[in-house]
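Welcome! Let's take a friendly walk through this structure, looking at its pockets and then at its aromatic rings.

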Amino acid sequence: MKAPLIIYKDLGNISYEEGLNIQTGYFEALLKAKQTNREIPNYLLFCEHNPVLTIGKSGKIANLLISKEQLEAKGVQLFEVGRGGDITYHGPGQITGYPILDLEQWKIGLKQYIYLLEEVVIRFLALYQIRAERLSSATGVWLDAGDSRKARKICAIGVRSSRFVTMHGFALNICTDLTYFNLINPCGFIDKGVTSLEKELGYKPDMNLAKQQLSQQFLDMFYSRI
């Protein structure tokens, strides 16, 4: 089987709207190519956004804990988007990843794809001697998932797919300002915390190195399946 091509791009620090427009362009191009039996690359996009909250299609505005006017006064944007999941935060110091993949090229379904995204992050965190795991009742990557008093999320996952082509993806807290999560019930949870790689390590990790390591884990995971 010929391996599909994945092109990795670091888009840097961009607005959420710009990131959405870029990934939508690749998503629609891949869908169109699939309809006409043409082969074009898959993409893995990394970026950091300006402070923004996004609510998925199954999300509840009640999980926003301040008014939209208060949110605007803090300089935080709010977007309702077509991914799965509830409300979450994106901002500087967080790797927001947008894989635009044709899952049929990789011979996997959506459930397995989400599992693989979680596995990529789990293996990345293991490079820093951090033991991360899944929570049976929710997507994403967690620390101390088995202890309800200590469970805290380090990576949120929310995906949209059409004809097995994906967009949106994951948000991994590296050196994120976690105080923004106080504005919401993150991913709809009221009884679990949020953390970052910096908080767990006790020092600020190198963001560029983290992006390199995470993108390599992603590519290794998917190409090892061919």
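A residue is called buried when its relative accessible area is under 20%, and exposed when that area is over 50%. With that in hand, Tyr 26 is buried, and Tyr 43 is buried as well. Please keep in mind that this is a predicted model.

**Open spaces**

Rolling a probe the size of a water molecule over the atoms shows where empty space is left. The largest pocket has a volume of about 300 Å³. It is lined by 15 residues, and those closest to its centre are Pro 4, Arg 38, Glu 39, Ile 40 and Gln 105. Helix 1 (residues 16-35) gives the largest share of this lining, with 3 residues.

The second largest pocket holds about 250 Å³ of space. Its lining is made up of 24 residues, of which Arg 83, Gly 84, Ala 156, Ile 157 and Gly 158 are the closest to the centre. Several strands give two or more residues to this lining: strand 5 (87-90), strand 6 (94-100), strand 8 (138-143), strand 9 (152-162) and strand 10 (165-173).

Here is how the two linings divide by class.

**Aromatic rings**

How many aromatic pairs does a search of the whole structure find? The search finds 11. In one of them, the ring centres of Tyr 26 and Tyr 43 are 3.9 Å apart and the planes meet at 20 degrees, so this pair is stacked; planes under 30 degrees apart count as stacked. Because Tyr 26 lies in helix 1 and Tyr 43 in strand 2 (residues 42-49), the pair ties together parts that are 17 residues apart in sequence.

Tyr 89 and Phe 181 also form an aromatic pair, this one edge-to-face, with 5.5 Å from centre to centre and 75 degrees between the planes. Tyr 89 belongs to strand 5, while Phe 181 sits in the loop between strand 10 and strand 11 (193-194), so the pair ties together parts that are 92 residues apart in sequence.

Elsewhere, Trp 106, Tyr 113, Phe 218, Phe 222 and Tyr 223 form one aromatic cluster. Finally, a charge meets a ring: Arg 134 lies over the face of Tyr 115, at 3.6 Å from the ring centre.

Definitions and conventions. Residues numbered from 1 in each chain as written. Predicted model: local features only at pLDDT ≥ 70, side-chain atom pairs only at ≥ 80, totals over all residues. Heavy atoms only, no water. 1 Å grid on protein atoms, 1.4 Å probe; cavity = no way out; pocket = protein on both sides within 12 Å on 5 of 7 lines; lining within 4 Å. Points joined across faces, edges and corners; volume = space filled by probe spheres on them. Helix = DSSP H or I, 4+ residues; strand = E, 2+ residues; numbered from the N terminus. Phe/Tyr/Trp six-rings, centres within 6.5 Å; stacked < 30°, edge-to-face > 60°. Buried < 20%, exposed > 50% of the residue type's maximum accessible area, 1.4 Å probe, protein only. Lys NZ or Arg CZ within 6 Å of the ring centre and 35° of its normal.
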